[in-house]
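Student: I would like to learn how to read a model like this one. Please take me through it feature by feature.

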Amino acid sequence: MAFKKALSSLIIALPAVLGLVVSPRATCPDGVNSAKNAQCCSLFQVREDLLENLFDDGCGDAAHGALRLVFHDAIGIDPQAGGGGADGSIATFNATELTFHANTGIDDVLDTLGPFLQKWSHVMTPGDFIQFAGALSLSVCAGAPQVKFVMGRPAPKAASPPDLVPEPFDSVQKILARFGSVGFSPEEVVALLSSHSVAGADDVDPSIPGTPFDITPDVFDTQIFIDVQLRGTLFPGTGGNQGEVQSPVRGTMRLQSDHLLARDSATNCIWQSFANNQKKMQTEFGAAVFKLSLLGQNAAALTDCSDLIPAPPPFTGSPSFPPSLSHTDVEQACATAAFPNLPTQPGPPLVVPPIPQADDS
Ligand code: HEM
C-alpha cells in the first residue's frame, strides 16, 4: 500500500523530475499568441512590425543603430549629475541630447526608429521601446545571445545631463570610471564592447560612412576581439580622425577606445579572454546589456516579457585570423596568458565592404 502510494506520487511528480513542467501562459486577446505575463500581449504587434519592417535586412544598419541607442539612452545617468538612465530621454528630449558630441549620428538612428517609436507610443513608453527594439535587434544577428527584456519604465522626465556618454578618444581610466560610477566592472565593460562586433562608424571619418569595426559586422562573433588585437597598419579613409587609430584590414576601422581597452593592463587579459570564447561572450554580454537596460529603473516594478524575444540564429563559424594575418601580427598585451593561436582564413587579403546604410534603401 505504502509502495503503491509512493509510486503514484512519483508518477504525479514525474514531469517535474524530468523537467517537463511548463509554466502556465496567458492566452492573448488576439487568440493567437500567448505570453508568460498577460501585460506583454500588446507587444506581439510591435514585435511583428519591427521584425518585418525595421529589421527586415537582418543584422544590418537599422539593427546596429537600435543596439547603439540602447547604450546611449541608458548610460545617461550619474550618481552626482543625475539623469534617468534607460528612460527614453534620448528620444523624447532629443533636442537637448543630440547636441552632445558623443551622440553624433544618433539623429540618423532616431530618423529610422523614431517613426516606429511614435507609431507604438500608445502601447509602450519611449524607454521600453528603445530597450525592446535593442533586444529584438540582437535576435536578427547570428551568434547573439537571447537577451532578456522587461517593460514598465515610466515616461522620461528630463534630458540626460551632458558628458555622460563615453567618447572613442577617452582614456581607459576615464571609460572605466564612467561605467564604474553606475555599477559596471571592467569585465562587464569589455563584455559590453562585444556590441562592436555588429557595428561600424558613420561619423568618425565622415568620408566613409558605414565602415565596420571588424570583418564580420553582420555576425555577433568574437572577431572584434581578434581584429582589434592585431597590429594596425592602415586607415580605411582619410586617417587622423579623432578617436580613430590604424586597423589591420582594409575597409575596417578601429576605435582608439577599443584599441586601448585591448592593451591596457586593467583590461587586456579580459579582452583576450573573449577572443576564442563565443559562449563567454554571449553569456557576459547578455547579462551586461540587460543590466544596462535597468539603469535608473526600479527593476521590481517591471514585468518580464523576455519570452517575446526570439532566439537569434546560431553562430556557425569558428574564431580565426583574417586572410594573410596570423599569430605573428598579434600585439600581445596580456602578461599572464598568450593570445590563442587561431587558424588563418584562406584567400587573399580582405577588403571589407561598407555596411549598407538604412537610408540608402
Ligand atoms: C567605451 C564605450 C564606447 C565607446 C567609446 C563607443 C564608441 C562608438 C563610436 C565612436 C561609434 C561610431 C559612431 C559613428 O561614427 O557612427 C560606435 C558605434 C556603435 N556602438 Fe559603441 N561605443 C562604446 C560602447 C558601446 C556599447 C556599450 C554598445 C552597446 C551595448 C555600443 C554599441 C555600438 C553599436 C551597435 C555601434 C554601431 C552603430 C551603427 O552602426 O549604426 N557601443 N560606438
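Student: In which loop is the place of D163?

Tutor: First, the ground rules. This is a predicted model: local features need pLDDT of at least 70, side-chain atom pairs count only at pLDDT 80 or more, and totals for chains, interfaces and linings use all residues. Numbering starts from 1 along each chain, as its sequence is written. Helices (H or I, at least four residues) and strands (E, at least two) are DSSP runs, numbered from the N terminus. D163 sits in the loop between strand 3 (150-151) and helix 8 (172-180).

Student: What is the phi of D163?

Tutor: Phi is positive there, about 65 degrees, although D163 is not a glycine. S324 also has a positive phi, near 75 degrees, and is a residue other than glycine. S324 lies in the segment after strand 8 (303-304).

Student: Why does D163 count as partly exposed?

Tutor: Count C-beta atoms, placed from the backbone. A residue is buried if 20 or more others lie within 10 Å of its own, exposed if 12 or fewer, and partly exposed in between. D163 has 13 C-beta neighbours inside 10 Å, so it counts as partly exposed. S324 has 15 such neighbours inside 10 Å and is partly exposed. N341, in the segment after strand 8, is exposed, with 10 other C-beta atoms within 10 Å.

Student: How many helices and strands does the protein chain have?

Tutor: The chain comes to 13 helices and eight strands. Its radius of gyration is 22 Å, close to the 21 Å that the globule rule gives for 361 residues, so the chain is as compact as a globular protein of that length. The radius is taken over C-alpha atoms, and the rule is 2.2 Å times the number of residues to the power 0.38. Along the principal axes, the C-alpha trace spans about 80 × 55 × 40 Å. Buried residues make up 45% of the 361.

Student: What share of the contacts comes from residues 24 or more positions apart?

Tutor: Two residues are in contact if their C-beta atoms, placed from the backbone, lie within 7 Å. Among contacts with a separation of 6 or more, residues 24 or more positions apart account for 73%.

Student: Which residues come nearest to the ligand?

Tutor: Near means that a residue's C-beta atom, placed from the backbone, lies within 6 Å of the molecule. There are 27 residues around the ligand, and H64, S195, A199, A201 and D203 come nearest. The elements giving two or more residues to this shell are helix 3 (61-74) and strand 4 (200-201). Helix 3 gives the most, with seven residues.

Student: How do the residues of the shell divide into nonpolar, polar and charged?

Tutor: Ala, Val, Leu, Ile, Met, Phe, Trp, Tyr, Cys and Pro count as nonpolar, Asp, Glu, Lys and Arg as charged, and the others, Gly among them, as polar. The shell holds 14 nonpolar, eight polar and five charged residues.

Student: Where does helix 6 bend?

Tutor: A bend at a residue is the angle between axes fitted to the seven residues ending there and the seven starting there. Helix 6 bends by about 45 degrees at L113, and a proline, P115, follows within four residues. Its 14 residues, 106-119, reach 19 Å from first C-alpha to last, close to the 20 Å expected at 1.5 Å a residue. The expected span is 1.5 Å times one less than the number of residues.

Student: Which residues of helix 6 are buried?

Tutor: An α-helix has 3.6 residues a turn, so residues three or four places apart point the same way. In helix 6, the buried residues are I106, V109, L110, L113 and L117. They pack against helix 3, helix 4 (89-92), helix 5 (94-97) and helix 7 (126-139).

Student: What span should helix 13 have?

Tutor: Helix 13 (residues 278-293) has 16 residues, which should span 22 Å at 1.5 Å a residue; its end C-alpha atoms are 22 Å apart, which agrees. Its buried residues include M281, F285 and L292. Helix 3, helix 7, helix 9 (186-192) and helix 12 (268-274) are among what covers the buried residues of helix 13.
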